[in-house]
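Colleague: I am new to reading protein models. Could you walk me through this one, step by step?

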Amino acid sequence: MTEIIRSSTFTFSSTKEMKLWAQGKNKAYIYTRYGNPTLSVAEKKIAALEGAEAAVVTSSGMAAISSALLAALKAGDEVISTAQLYGGSFRLMRDVFPNMGITVRQVGTDLAGMEELVTPRSKVLYVETPTNPTLRLVDIHRAVAFAKKHRLVSIIDNTFATPVLQNPIACGYDMVVHSATKALAGHSDIIAGVAVGNSSWMDRVRQMIIYLGGSMDPGAAYLLIRGLKTLGVRVEIRKHAGLRHERRAACGAALLRPRATVPAGSESWWS
Ligand SMILES: Cc1ncc(COP(=O)(O)O)c(C=O)c1O
C-alpha cells in the first residue's frame with residue numbers, strides 16, 4: 001500500500017542538505033505544491049503505463065491540459081487544434097487563449113485542410129481522440145507526422161482511450177494529457193489529471209503547476225493509485241461490452257441512426 005503523506009511542508013535534515021537543495025544538487029521535497037512522495041508514486045506509475053520518461057499529476061484534467069499547453073505557448077504563438085474537443089478544452093482555447101495573444105486554428109477530426117492552417121507562428125498541435133462526447137477518431141499517426149514535419153509540439157488528450165488501448169508517446173507525441181477523473185482513477189470519487197512526456201517537458205509542466213497552483217492533493221493521489229491497479233481489467237471489460245453493443249447494434253440498424261445527428265467535419269459540438 002502506498003502511504004498518504006499529507007504534509008504540506010517538509011523539513012531538511014540538516015543545513016547542509018538545505019544548501020545542496022538551494023544549489024539544485026538534490027531534489028528534496030519541500031512543499032507539496034512542488035512535489036510530494038505520494039504524488040511521485042502516482043507519477044511514476046502513470047509514466048510507466050504511458051511509456052514516458054516522466055509525469056506530473058494535477059488537481060484536474062483541465063489543470064493538466066492548461067499547464068501542458070501553457071508550458072509550450074507564449075503570446076503571439078498559434079495552436080492548431082481539432083475542433084471537436086472536451087468542452088472545457090474547447091472553451092479554454094475559445095475564451096481564454098485569445099486574451100493571452102494565442103491564436104487557435106481549428107481542423108476537423110478528419111484533419112482535412114490541416115496544411116493550410118500552418119503559419120510561421122504555429123507552435124502546437126493539439127488533438128483529442130476519441131473525442132468527448134462524440135467519440136470521433138483522429139488518425140494519430142498522420143497528426144504526429146504533420147506535427148513533426150512543421151516542428152510543432154504535439155499534445156494529445158488520451159483520456160478516453162487510456163494507455164491500455166493507445167500509447168501516443170510511442171507514436172512520437174511530445175506530451176499526453178488525461179482527465180484522470182475518468183478511467184485512470186476509475187471510481188468517480190476524485191477529480192484528477194496528469195500530463196506525461198519527457199523529463200524536460202515535464203519540468204516545464206511542473207513549473208506551470210507551481211505557478212498556477214493546479215497541484216494534486218495527496219489523498220487524491222492515493223485514490224488514483226488504487227484505481228490504476230484495476231485499470232487493465234476495467235478497460236478490457238468496457239472494450240468487450242462495447243464490442244457486444246456494436247454487434248447488437250449492427251443487427252438493429254435503428255440503434256445506429258442517432259449517430260447520424262452528430263455534427264460532422266470541423267464543426268464543434270460545443271459552439
Ligand atoms: C476528454 C476529456 N479531457 C479533459 C477533461 C477535463 O477533465 P477534468 O474534469 O478532470 O478537469 C474531460 C472531462 O470530462 C474529458 O472528458
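Modeller: Gladly, let us begin with the sheet. Strands pair if DSSP finds at least two bridges between them, and strands themselves are DSSP runs (E, at least two residues) numbered from the N terminus. Here 7 strands form an open sheet with mixed pairing, in the order β1-β7-β6-β5-β4-β2-β3. At the edges are β1 (54-58) and β3 (103-107), each of which pairs on one side only. On average, neighbouring strands are turned by 20 degrees against each other, direction ignored.

Colleague: Before we go on, how should I treat the numbers?

Modeller: This is a predicted model, where local features need pLDDT of at least 70, side-chain atom pairs count only at pLDDT 80 or more, and totals for chains, interfaces and linings use all residues. Residues are numbered from 1 along each chain as its sequence is written.

Colleague: Which strands does β7 pair with in the antiparallel sense?

Modeller: Strand β7 (residues 193-197) runs antiparallel to β1, joined by 5 bridges, and A54 stands opposite G197. Strand β6 (residues 175-179) also pairs with β7 in the antiparallel sense, over 5 bridges; there H178 stands opposite V194.

Colleague: Is β7 buried or exposed?

Modeller: A residue is buried if 20 or more other C-beta atoms lie within 10 Å of its own, exposed if 12 or fewer, and partly exposed in between, with C-beta atoms placed from the backbone. In β7, 5 of the 5 residues are buried, so the strand is largely enclosed by the rest of the structure. G193, A195 and G197 cover one side, V194 and V196 the other, and all are buried.

Colleague: How do α2 and α9 pack?

Modeller: Helices are DSSP runs of H or I, at least four residues. Axes are lines fitted to C-alpha atoms, for helices over the stretch in contact, and angles run from 0 to 180 degrees between N-to-C directions. Helix α2 (residues 37-50) and helix α9 (residues 218-228) pack at an angle of about 30 degrees, their axes 8 Å apart.

Colleague: Which residues surround the ligand?

Modeller: A residue counts as near if its C-beta atom, placed from the backbone, lies within 6 Å of the molecule. The ligand is surrounded by 15 residues, and the closest are S60, G61, Y86, S179 and T181. Helices α3 (61-72) and α4 (87-96) each supply at least two residues of this shell.
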